[in-house]
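Here is my note on the model you sent.

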Amino acid sequence: MFALFSPAIAAGGGIALPKAPIDDSDTESLQRGAALFVNYCMGCHSARHMSYGRLAEDLQISPQQLREHLIFGDAGLGEGMISAMSPEEAKAWFNDAPPPDLSLVARVRGVDWIYAYLRAFYRDDSRPSGWNNAIFENASMPHALAELQGVFARVEDENENENNNSGGDGYAIGKIQLKRISEGGMSAPEYDAAVADLSGFLFYIAEPSRRERLRVGYLVMAGLILTLVACYFLYREYWRDIS
Ligand code: HEC
């Protein structure tokens with residue numbers, strides 16, 4: 001686990017962030033990410049620029065699946081993904097740091113940051129929420145995925161995890177050492193994969209037309225290559241009698 005944190009770009013408080021293993025061309029991964037987002041994040045966060053209709057179309061989700069699994073309440077297909085929590089409630093519960101809209105967060109923070117952030121929560125009883133985060137110090141967000149990941153606590157001894165940095169029992173993020181205090185519903189690799197799906201989903205909603213653009217780009221390239229081949233044969237045909 002620790003090795004993942006060594007290379008890559010330095011960001012997020014001087015901590016080298018691992019590259020988020022996302023693949024936004026993988027529609028099934030984005031579907032899983034969408035389900036996680038709806039079930040674990042939308043209690044607090046919205047993604048108002050992402051409409052349910054577009055989501056269904058891009059990710060090949062049938063209207064029936066959409067109604068059964070992704071839309072709670074009676075939102076229409078043209079509406080954005082709006083949290084059930086009103087802005088007033090959000091302000092009342094989180095004071096000066098209410099949950100922001102996440103439509104563009106992958107562009108603002110970068111997808112590597114999000115992937116690292118969702119794997120960096122630990123118990124901290126001095127915080128109002130009972131949680132802290134090794135990437136985003138004193139964040140007011142509680143660990144929304146604790147039932148999947150399990151719970152980690154910070155260890156003061158900086159060498160604690162030196163020989164114990166794999167297998168999901170503990171890991172280091174920068175100077176902060178974390179140690180597992182309880183299991184979650186997923187193993188460490190399963191949790192990392194789920195967080196990759198979710199990060200990939202946030203990457204996709206920040207620029208939904210990117211996938212379409214890439215697809216069109218490949219089609220245009222294929223068209224150009226075919227034209228080139230055709231031109232070559234035509235060229236050979238024209239010059240055959242002359243040379
Ligand atoms: C209980 C409410 C709650 C839940 C559930 C929740 N969050 Fe948050 N989230 C917050 C709050 C509050 C903040 C603002 C933190 C701050 O600025 O201190 C936040 C901040 C964030 C940020 C950082 C935004 C930024 O740029 O500062 C990201 C990314 C994020 N949440 C992702 C998620 C994801 C993904 C989920 C679902 C797994 C989720 N959150 C679930 C309350 C929540």
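1. A cut-off comes before the rest. Buried means under 20% relative accessible area, exposed means over 50%, and partly exposed is the range in between. Leu234 has 46% relative accessibility, so Leu234 counts as partly exposed. Its place is in helix 9. Please keep in mind throughout that this is a predicted model.

2. Overall make-up. The protein has 9 helices and 9 strands. It has 243 residues, and 42% of them count as buried. The accessible surface comes to about 14000 Å². Carbon and sulfur atoms account for 57% of that surface. Take the contacts between residues at least 6 apart in sequence: 66% of them join residues at least 24 apart.

3. The nonpolar patch. Which residues form a nonpolar patch on the surface? They are Ile225, Val229, Tyr232, Phe233, Leu234, Tyr235, Tyr238, Trp239 and Ile242. Together they have about 1000 Å² of accessible area. Leu234, from point 1, is one of these residues.

4. The iron site. Which protein atoms are donors of the iron atom of the ligand? They are NE2 of His45 and SD of Met141. These donors lie 1.9 to 2.1 Å from the iron atom. The site has 6 donor atoms and is octahedral, with angles of 88 to 179° among them. His45 lies in the loop between helix 1 and strand 3, and Met141 in the loop between strand 6 (131-133) and helix 7 (146-149), so the pair ties together parts that are 96 residues apart in sequence. Is His45 buried or exposed? His45 counts as buried, at 10% relative accessibility.

5. Next to the histidine. Cys44 also belongs to the loop between helix 1 and strand 3. Cys44 is partly exposed, with a relative accessible area of 30%. Leave aside its neighbours within four places in sequence, and Cys44 is in contact with Ser83, Met85, Phe94 and Pro99. Ser86 is 42 residues from Cys44 along the chain. The C-alpha atoms of Cys44 and Ser86 are separated by 8.7 Å.

6. How many salt bridges does the structure hold? It holds 9. One joins the side chains of Asp24 and Arg210, at 3.0 Å from N to O. This pair links distant parts of the chain, 186 residues apart. Asp24 sits in the loop between strand 2 (15-16) and helix 1 (27-41), while Arg210 sits in helix 9 (residues 209-240). Asp24 counts as buried, at 9% relative accessibility. Arg210 is partly exposed, with a relative accessible area of 24%.

7. The side chains of Arg32 and Asp197 meet in a salt bridge, with 2.8 Å from N to O. Arg32 is in helix 1 and Asp197 is in helix 8 (residues 188-206). The two are 165 residues apart, and the pair links distant parts of the chain. Asp197 counts as buried, at 9% relative accessibility. Arg32 is partly exposed, at 43% relative accessible area.

8. Arg48 forms a salt bridge with Asp101, and their closest N and O atoms are 3.4 Å apart. Arg48 lies in strand 3 (residues 47-51) and Asp101 in the loop between helix 4 (87-94) and helix 5 (105-109), so the pair ties together parts that are 53 residues apart in sequence. Arg48 is partly exposed, with a relative accessible area of 47%. Asp101 is partly exposed too, at 29%.

9. Backbone check. Which phi value does Gln60 have? Its phi is near 50°, a positive value in a residue other than glycine. Gln60 is found in the loop between helix 2 (52-58) and helix 3 (63-70). It is exposed, with a relative accessible area of 61%. Asn138 also has a positive phi, near 60°, and is a residue other than glycine. Asn138 lies in the loop between strand 6 and helix 7. It is partly exposed, at 40% relative accessible area.

How values were computed. Residues are numbered from 1 along each chain as its sequence is written. This is a predicted model: local features need pLDDT of at least 70, side-chain atom pairs count only at pLDDT 80 or more; totals for chains, interfaces and linings use all residues. Side-chain values use heavy atoms; hydrogens and water are left out. A salt bridge is a side-chain nitrogen of Lys or Arg within 4 Å of a carboxyl oxygen of Asp or Glu. Helices (H or I, at least four residues) and strands (E, at least two) are DSSP runs, numbered from the N terminus. Buried means under 20% relative accessible area, exposed over 50%, partly exposed in between (1.4 Å probe, protein chains only). Patches are made of residues with over 30% relative accessible area and no salt bridge: like charges are joined within 9 Å, nonpolar side chains (Val, Leu, Ile, Met, Phe, Trp, Tyr) within 5 Å. Accessible areas come from the Shrake-Rupley method with a 1.4 Å probe; for residues, only the protein chains shown count as cover. Donors are N, O and S atoms within 2.8 Å of the metal (3.2 Å for Na, K and Ca); water is not among the atoms, so sites may look incomplete. Four donors count as tetrahedral if all angles lie between 85 and 135 degrees; four count as square planar and six as octahedral if opposite donors are over 155 degrees apart and all others between 65 and 115; anything else is irregular. Contact means heavy atoms within 4.5 Å.
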